[in-house]
Amino acid sequence: MTVPLIIDTDTAQDDCVALITALLDPVADLRAITMVAGNVGFDRQVRNAYLTLSVTGRLGEVPIHLGCRRPMVREWASAENVHGDGAGGLDMDMSGLAPETEHAVDALIRLAAESPGELSVVAIGPLTNIAMAVVKDPSFARNVKALYVMGGSNNGRGNITAAAEFNFYVDPEAAKTVFSAGFAVTVVPWDPLTLRQAVFGQERLDAIAALDTPLARFFTRVCAATLEFDRSVGIDGTTHPDSLTSAVLFHPELVRQASPYHVDVETAGELTRGYSAMSWGVHGLEPNATVIEEIDAEGFFTYLKTLLATPTKPSRDLIY
């Protein structure tokens, strides 16, 4: 049984790893990649997606659709101070490569309508494209089987402000729209889940580097800038919330604990823009999402390490 899906991404660092899971996991049927403004410059994100397709040997097999280049009502905020260019300085010859002419929002609506109730969406960047798809076609939410969102914190600390996780901070209006749209949403939060269970310390990073495959070398390179930043703020390793989000879709056995919550996102607070208020069932609010609270951390690492050990023949040579 395969999992048909779209990945909506702002491709940098762990977004690249999430794409690797969707390109190489035998259960994944990746129908499209849709791009949204987020981590780094928009055109750089597109290049990073092509780099990832190439290193997996899948260049030319999965369409890339360009989406919203800015949030719904705000100016774009980047995370280039965290990720650099998002690919560790890697590049390649991009000649002959061109994204689809169909806008990402239209592609999301069309692909979901073509397979109603079958297609899942993994949203690992700001939720602008997903929200705009709902605004344009309210039936989009009904047509999507499952929406897996990397974003927010479960009443915990942020990673761009004290209150907010980056994806929700960049476009809080989009996040608020999505959680009220009627999707079957599963949330992978930054705090506490990522910080406690999806951080790879030096021993794990060394084990991946020792694989010495094209994928392992790519992983080490694209994660290097983020690793340096993480260590500068007291996180002793690389963080992998995006690849965790795709992994739990493909392998729900990795989830050890999850609960229904009512999730809403602050848009007006001076100090709390993008804060995710997750009500755990005692405030008289109807649940609108499942929030993952605990995963099999060792199983997740083993899963990624196994994929990164896959011998691939990159479609084009990377430029280091």
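Author: Start with helix 8: what covers its buried residues includes helix 5 (128–136), strand 6 (144–150), helix 7 (166–170), strand 7 (185–188), strand 10 (255–265) and strand 12 (289–295). The model is predicted, so local features need pLDDT of at least 70 and side-chain atom pairs pLDDT 80 or more, while totals for chains, interfaces and linings use all residues. Residues are numbered from 1 along each chain as its sequence is written, and side-chain values use heavy atoms, with hydrogens and water left out.

Reader: How do you know what counts as a helix or a strand?

Author: Both are DSSP runs numbered from the N terminus: helices are H or I with at least four residues, strands are E with at least two.

Reader: What makes helix 8 largely enclosed by the rest of the structure?

Author: Buried means under 20% relative accessible area, exposed over 50%, and partly exposed in between (1.4 Å probe, protein chains only). Six of the eight residues of helix 8 (residues 172–179) are buried, so the helix is largely enclosed. The buried ones are Pro172, Glu173, Ala174, Ala175, Val178 and Phe179.

Reader: Why are helix 5 and helix 8 called oblique to each other?

Author: They pack at an angle of about 55°, with their axes 8 Å apart. Axes are lines fitted to C-alpha atoms, for helices over the stretch in contact, and angles run from 0 to 180 degrees between N-to-C directions. Under 35 degrees counts as roughly parallel, over 145 as roughly antiparallel, 65 to 115 as roughly perpendicular, and the rest as oblique. Helix 5 and helix 8 are therefore oblique.

Reader: Which residues meet there, in helix 5 and in helix 8?

Author: Thr128, Ile130 and Ala131 of helix 5 meet Ala174, Thr177 and Val178 of helix 8; contact means heavy atoms within 4.5 Å. By class, four residues of this contact are nonpolar, two are polar and none is charged. Ala, Val, Leu, Ile, Met, Phe, Trp, Tyr, Cys and Pro count as nonpolar, Asp, Glu, Lys and Arg as charged, and the others, Gly among them, as polar.

Reader: Why is helix 1 oblique to helix 2?

Author: The axes of helix 1 (residues 14–24) and helix 2 (residues 42–55) come within 10 Å and cross at roughly 40°. That makes helix 1 oblique to helix 2. The contact is made by Cys16, Leu19, Ile20 and Leu23 of helix 1 and Asn48, Ala49, Thr52 and Leu53 of helix 2.

Reader: What makes strand 3 and strand 11 edges of the sheet?

Author: Nine strands form an open sheet of mixed pairing, in the order 3-2-1-5-6-7-12-10-11. Strand 3 (64–66) and strand 11 (276–279) each have a single partner strand, so one side of each is left without a neighbour in the sheet. Two strands pair if DSSP finds at least two bridges between them. Strand 10 and strand 11 run antiparallel and are joined by four bridges, with valine 263 opposite methionine 278 in strand 11. Strand 10 and strand 12 pair in the antiparallel sense over six bridges.

Reader: Why is aspartate 212 counted as partly exposed?

Author: Its relative accessibility is 48%, so aspartate 212 counts as partly exposed. Aspartate 212 is found in the loop between helix 10 (202–209) and helix 11 (214–232). Its phi is positive, about 55°, although the residue is not a glycine. Most residues other than glycine have a negative phi.
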